[in-house]
Amino acid sequence: MTDLLEALPAGVDRDTLDLDITGMTCGSCVTRVERALKRVPGVLGAEVNLATNRARVVRAQGSAAAADLAAALRKAGFDARPADATPIPRHVTAERREVAHLLAAIALSAPLLLGMAAHGAGLHWMLPGWVQAVLASVVQFWLGGRFYGAGWRAVRAGAGNMDLLVALGTSAAWGLSSWNLLTAPPGSMPALYYESSAVLIATVLLGKWLETRAKGHTADALRALAQLRPDTARLRRDGAELSIPIAQIIVGDVVVVRPGERIPVDGTVLDGGGSVDCSMLTGESLPVEVATGARVAGGSILSDGVLSVRTDAVGAETVLARIVRLVEGAQASKPPIQRLVDRVSAVFVPAVLVVAGITFVGWWATGADTSAAILNAVAVLVIACPCALGLATPAAIMVGTGAAARRGILIRDAAALERAHAVTLVAFDKTGTLTQGRPDLTDLVPAEGATADELLRLAAGLQANSEHPLAEAIRRRAPVAPRAKGFRALAGRGVSATVEARTLLLGSRRLMDEAGIPPGKLADTAATLEAQGRTVSWLAETAPAARLLGLLAFADSPRPTARDAVAALRRAGIGVVLLTGDSRGAADAIAKAVGIDRVAAEILPEGKAAQVAALRAEGAVVAMVGDGINDAPALAAADVGLAMATGTDVAMHTAGITLMRGDPALVPQALDIARRTHRTIRQGLFWAFAYNVIGIPLAALGFLSPVVAGAAMALSSVSVVSNALRLRRWGQ
């Protein structure tokens, strides 16, 4: 869906609407629903997911009302209503209905099947013809009535679907039997095939039930996420505590959380402390210690202690709600491979009808009796049902993205997942990505005529409004600072502002060169510090007089898992490069510590993007990993961007994959689940096509009875979804 949005015309205000669709049975239905939705005026795009029976519609704002969309779908043979805000529910009622219909079909078909089995064993026992007709007719027109309704709606819409194939196939077997029964001489036992139509419908219903159960499991991860939010919160107001519905909490309210309770809102700890279990949100297995001033996310569990939390975000703005939206968006989107499958499904049913017709004519023309010709054509119709084709991709994507979310890896859309599986090179940012992102101020070196105290005071005032990690290091050393005016961030170079009536610059050596301020005697000192892996920032004033005031040196240590993450990527055959705006010395020191031997240092944000473009021009499929505003251009330029959620919102909005905790080990894990999911999609599509490629010729040549063909058709859908469900074990 993200690729779809990006391809839409610019300047058009748009919104999205999710619809629950009923009546879809196979991949050809998906194509019909999308076509019907796109014809509604104001609709800019639509994607349909067979595994969830949901459609996501992008429309011009103020157009294509839900009623108009529902009317268009009714005309195409489907029913629709706006989807609930909650994630895909587990349709227990639908499962129960399928079980009831299946048991009834088995009970009515069993006598017919037993008679056929007895005849095959040489026993001359068979139900009277009229009894067979009654049992088969109940199955055909009561339990199988759904196939007639859905098949007729497809025909009216000028298309075909699985239900049409089943209805035609079973009707042919039932009609042939009824004709033979009605035209048989009195006292004779005609050839009847009622068991074929009845058992075939029972087999299809068995497949429907198994498919419904399996599809229910595909959204388990999303439902688990949605259930993290408690229904009530303990609100502190006027010294008293009140338990109220969470929907009534507003920003600024203070809530109290006791041991063992879920934190109901995103907020800041005002009082208290304890251990917080964030595993369902971030995949972090160990509890996190929080104290006054710490940020907490709704849905996490307070293991011990008591917290008073000021509400900073509620409803759709919480971290949990954003996670659910990301996972829902990924599960609703389609990779390019599925769009090809949808096009195949659209022409598949008409092609099968042609093959079935050729089968009948061929057998009849070669001297076979009409009964044999009809039964072989029926077998072709039944085994060719394209359910598995429509389920292979969405089932794998739903399970794969859900498993990734449990580990703290949020995949924004299916296109990002498909690109990620092919990655051959990972480019890492340094600060906050491979390193702790919490550098310490290690050295204050004043220039001639300045003092260390002056250097620290001015730098603290200059950085008071900056979110850069180096600014935080300065503020920790000088919590009280003079006011700054005219603060301006200079991308990739530093910052400028006026402090104590002095116009100041703080940043890289490049910034000093641009301002025409030479390093003087501090050049050697800076070189020595950089050789030790320090990051050096230069402080200078440009007014009232242009002069160098000194330099500040910072040190940042690698994250504990950085070296293992790089090693894991290399074991997977993926190359690694470090891209940073930091100095060459600092970059080389970190690269050596984590095992990277290819480094590009002292580059501007647009330089990072250019480096990524150059790597892609060399033939590499590049994943960029970053966390800051300055990484956004490179994240966008890469084949797939991976953003640390500990960084800025800009980086996360640009990236296709968000890592919910600042752990480089999630990078090889994200690429691994992408590869496994893509492999599962290909396996599912292979088996879906294989069933048809092998089964249709066998049925046409008379090697498969309609009953066996029905069982094979049901097995194809169940096997495809069951194969996708294996992904649930990833990471466990």
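Contact means heavy atoms within 4.5 Å. These exercises use a predicted model: local features need pLDDT of at least 70, side-chain atom pairs count only at pLDDT 80 or more, and totals for chains, interfaces and linings use all residues. Residues are numbered from 1 along each chain as its sequence is written, and side-chain values use heavy atoms, leaving out hydrogens and water.

**Exercise 1. The nonpolar core**

Find which residues touch the most other members of the largest nonpolar core. Then list the contacts of F428 beyond its neighbours within four places in sequence.

Solution. 
- Start with the term. A nonpolar core is a set of buried Ala, Val, Leu, Ile, Met, Phe, Trp, Tyr and Cys residues joined through side-chain atoms within 4.5 Å. Buried means under 20% relative accessible area, exposed over 50%, and partly exposed in between (1.4 Å probe, protein chains only).
- The largest core has 89 residues, and V426 and F428 touch the most other members.
- Now take F428. With those neighbours set aside, F428 contacts T433, L434, L569, V576, V577, L578, L579, I596, M624, V625 and V667.
- A second, separate core has 22 residues, among them L176, V352, A699 and A709.
- In soluble globular proteins, nonpolar side chains tend to be buried together.

**Exercise 2. Helix 5**

Then name its buried residues.

Solution. 
- Helices (H or I, at least four residues) and strands (E, at least two) are DSSP runs, numbered from the N terminus.
- The buried residues are G129, Q132, A133, L135, A136, V139, Q140 and L143.

**Exercise 3. Salt bridges**

Where do the partners of the E241 and R258 pair sit? Where do R509 and D513 lie?

Solution. 
- A salt bridge is a side-chain nitrogen of Lys or Arg within 4 Å of a carboxyl oxygen of Asp or Glu. The whole structure holds 26 of them.
- In the pair E241 and R258, the closest N and O atoms are 2.9 Å apart. E241 is in strand 6 (residues 240–245), and R258 is in the loop between strand 7 (254–257) and strand 8 (266–277), 17 residues apart.
- E241 is partly exposed at 35%, and R258 is partly exposed at 32%.
- R509 and D513 form a salt bridge at 3.7 Å, N to O. Both lie in helix 18 (residues 509–515), 4 residues apart, about one turn of the helix.
- An α-helix has 3.6 residues a turn, so residues three or four places apart point the same way.
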